[in-house]
Amino acid sequence: MGEAIRVVGRSTVFRVVLVGLLCGASACTGASGGHGGASAGAVSGGVAAEVAWPLGEEGATLSEVERRRILRSAEENGWAPAGGEATVVRYDSGYGPGLIWRAKGTGAVCSGSSRGSGPCVPLADIAARPNPGVGIFIGAAYYEGKWSVMLLSSGETVDRVMCQGRSFPARRAYEVTVDGVLHTVYTVSIPRGLQGEYRVAVRRDGQPAEDRVTLNMDRVAGPARC
């Protein structure tokens, strides 16, 4: 199944330099035309999808050594990036940065950091997400007193999450459209001691709305703090 790829704003996508290591010549022939015309590769499972790499944001950089390490791990685990492309993911907490990409062959969305690569989320699982809705995506990491969390919104865009009068901005990281529904990956950083059901400021069809997401990585017992 063919896939249309669109780029949103200034792309932060870099092309893997270890071409010989990460893919054979036949697998990389479609990647030479730049990310605007690169193909994401055939996707199994019958789920129609397109991918967009969103506007880059300033922040911590990912060293070439770390990029190679993450992508080498992805290759070893069988989820190398389609077309040899991945996007840098940054967190306001200073954690990372990491990478996010579509896996060659399956189209699954994968992530990686200095801790390694994976896991990957199949397109069918993304398509099954509540629409509209927002929830935790892939996972979270604890860093310097804060939880660095990936969120995935479906059919709506996220501005910030809120708890007890405090507001934490959501940073857009990645987009993929599956079966006509736009799914957007965001990163958000929250204090460890402020967990529970967060209010989420979103926009649906251009109109402001509110959603909810439970952020309780420590599995705090008792009443939610939010």
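Predicted model: local features only at pLDDT ≥ 70, side-chain atom pairs only at ≥ 80, totals over all residues.
I started at Cys120, which is partly exposed at 23% relative accessible area (buried is under 20%, exposed over 50%, partly exposed in between, with a 1.4 Å probe and protein chains only). Residues are numbered from 1 along each chain as its sequence is written, and side-chain values use heavy atoms, with hydrogens and water left out.

Next I looked up the partner. Cys120 forms a disulfide with Cys110, the sulfur atoms being 2.1 Å apart (the cut-off for the sulfur pair is within 2.5 Å). I found one disulfide in the structure. The Cys110–Cys120 link is right-handed, with 110° about the S-S bond. It ties distant parts of the chain, 10 residues apart: Cys110 sits in strand E6 (residues 109–113) and Cys120 in strand E7 (residues 116–121). Strands here are DSSP runs of at least two residues (E), numbered from the N terminus. Buried or exposed, I asked of Cys110? Cys110 is buried, at 0% relative accessible area.

Then I moved to Ser153, in strand E9 (residues 146–154). Ser153 is buried too, at 0%. What does its side chain reach? I got the backbone oxygen of Glu156, at 2.7 Å. Leaving out residues up to four places away in sequence, I listed what Ser153 touches: Gly133, Val134, Val158, Leu182, His183, Thr184 and Tyr186 (contact means heavy atoms within 4.5 Å).

Note on methods. Helix = DSSP H or I, 4+ residues; strand = E, 2+ residues; numbered from the N terminus. Polar contact = N/O pair within 3.5 Å; in protein donor to acceptor, adjacent residues only side chain to side chain.
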